[in-house]
Amino acid sequence: MDEEYDVIVLGTGLTECILSGLLSVEGKKVLHMDRNDYYGGDSASLNLTQLWRNFRPGQSPPAELGKDRDYAVDLIPKFIIASGELTKILVHTDVTRYLEFKQIAGSFVYRDGKISKVPSTEMEAVKSPLMGLFEKRRAKNFFTFLQSWKDDDPATHQGLDLDKDTMKAVYDKFGLEPGTQDFIGHAMALYLDDDYINKPARPTYERIVLYTSSMARYGKSPYIYPLYGLGELPQSFARLSAIYGGTYMLDKAIEKIFVGVTSGGETVKAKQVIGDPSYFGAGKAPEDGKVRVVETGKVVRAICILKHPIPNTEDADSVQIIVPQNQVGRKNDIYIAAVSSAHNVCAKDHYIAIVSTIVETSTPELELKPGLELLGPVHDKFVSITDLYAPTSSGVEDNIFVTKSYDATSHFETVVEDVQDVWKRVVGSDLVLKKREVEVQE
């Protein structure tokens, strides 16, 4: 271990694996290490034994749940937006050759005490109980406005300026009801809270266009998901890194970090070090006295094993359900992500549903109640409360770069933003990608 590397990466979470893969492709000499004996860090998918070891040490999973190898339970519930940034990276790097994707069968939203499908076709929109007849007409005008918008054609602007006018002004112009605003802002633009309403409308416009173009890409829902769980994503980028000469070491305790690391008494140097917050004193006092990460909030997640599809979802094998915060008197939305044996992540006739939200009170598990109540009988449940961390500095001064924790959003767009941000700080220029298509199983 006495040679020098261009970059040492600590932790095999998705963010770190995408970075090590891309840096290896760029010709950098990369050493990638993890204290765990499995890939994925916080974004791993666990088999039953690992799941019990993680949440109930010393106990064994019941035999009735099926074989250990049938399970790949995600610790962090996220779906891939079909036309989003992660898809572009997967295609650009050709990492898609290691993965098979399946569609998520439907996207649902909670409103007035029940869940309804987010329409994926014009026909579904006409029948949708989410809006009354007149509101549907107003909403249609709103979506037609967004679809026909051209920056260089004022005739399409209807007197609005997306860079100056707030989203509230846009909603008001089309006379949309609060419930419709909830549905558009949270189930389509995928905002976690309502702060966006009083900000310029362009980011919301872009998010809605991303959602509708993703929906149009494969139908049913805007999301795709890798067979065998999200833990396949970091492993696939690790393969990419290895093909380009990257070195991997798992099960390595990291004793000291400088521009280089010490592990098992051996020291290895590098020009730059990248790592997730857990390697830089997250939750404890740093050894070198330098505070590198700061807590930005907490997320509570409940991993639930079900023996039935979620009620009122048309028996879908996989769904996303969004509970907008206004509907349940909260500041942040509650998300439900559900997958099943159709995705090779649990035994036949079983379903995994993960309910999550940003913690707002001193009783986090209770905050999940509106989401848990939608699931029907829960066979077993594993609750985690995770601190979220962000770096205190850019890392440019001392060449030590820290990534962010995985947030409460239901997709990977913010993960890719972090990848792009760290890339720019490490390499000194923007990450540029090429375009190809992704194949998805029906």
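# Reading a predicted fold, feature by feature

Me: Which residues does Ser-341 touch, leaving out those up to four places away in sequence?

Reply: A contact means heavy atoms within 4.5 Å. Not counting residues up to four places away in sequence, Ser-341 touches Cys-346, Ala-347, Lys-348, Asp-349 and His-350. The model is predicted: local features need pLDDT of at least 70 and side-chain atom pairs pLDDT 80 or more, while totals for chains, interfaces and linings use all residues. Residues are numbered from 1 along each chain as its sequence is written, and side-chain values use heavy atoms, without hydrogens or water.

Me: Where does Ser-341 lie relative to the strands?

Reply: Helices (H or I, at least four residues) and strands (E, at least two) are DSSP runs, numbered from the N terminus. Ser-341 lies in the loop between strand 16 (334–340) and strand 17 (351–358). Its C-alpha is 9.3 Å from that of Tyr-228, and the two are 113 residues apart in sequence.

Me: Is Ser-341 buried, exposed or partly exposed?

Reply: Buried means under 20% relative accessible area, exposed over 50%, and partly exposed in between (1.4 Å probe, protein chains only). Ser-341 counts as partly exposed because its relative accessibility is 26%.

Me: How many helices and strands does the chain have, and what are its overall dimensions?

Reply: There are 12 helices and 19 strands. The C-alpha trace spans about 70 × 60 × 45 Å along its principal axes. The radius of gyration is taken over C-alpha atoms, and the globule rule is 2.2 Å times the number of residues to the power 0.38. For 442 residues, a compact globule would be near 22 Å, and the chain agrees because it has 22 Å. Of the contacts with a separation of 6 or more, 71% join residues 24 or more positions apart.

Me: How many aromatic pairs does the structure hold?

Reply: Rings of Phe, Tyr and Trp (its six-membered ring) pair if their centres lie within 6.5 Å; planes under 30 degrees apart are stacked, over 60 edge-to-face, and the rest tilted. The structure holds 13 such pairs. One of them, Phe-142 with Phe-143, is edge-to-face, at 5.2 Å centre to centre and 70 degrees between the planes. Both Phe-142 and Phe-143 are buried.

Me: Why is the pair of Phe-145 and Phe-174 called tilted?

Reply: The ring centres of Phe-145 and Phe-174 are 5.2 Å apart and the planes meet at 40 degrees, so the pair is tilted. This pair links distant parts of the chain, with Phe-145 in helix 5 (residues 133–148) and Phe-174 in helix 6 (residues 167–174), 29 residues apart. Phe-145 is buried at 2% relative accessibility, and Phe-174 is buried at 10%. Ring pairs link a cluster whose members include Phe-142, Phe-143, Phe-145, Trp-149 and Phe-174.

Me: Which phi values do Leu-190 and Asp-315 have?

Reply: Leu-190 has a positive phi of about 60 degrees although it is not a glycine. Asp-315, also not a glycine, has a positive phi of about 55 degrees.

Me: Where are Leu-190 and Asp-315, and is each buried or exposed?

Reply: Leu-190 sits in the loop between helix 7 (178–188) and helix 8 (202–218), and it is buried, with a relative accessible area of 5%. Asp-315 is in the loop between strand 14 (293–306) and strand 15 (319–323), and it counts as exposed, at 62% relative accessibility.
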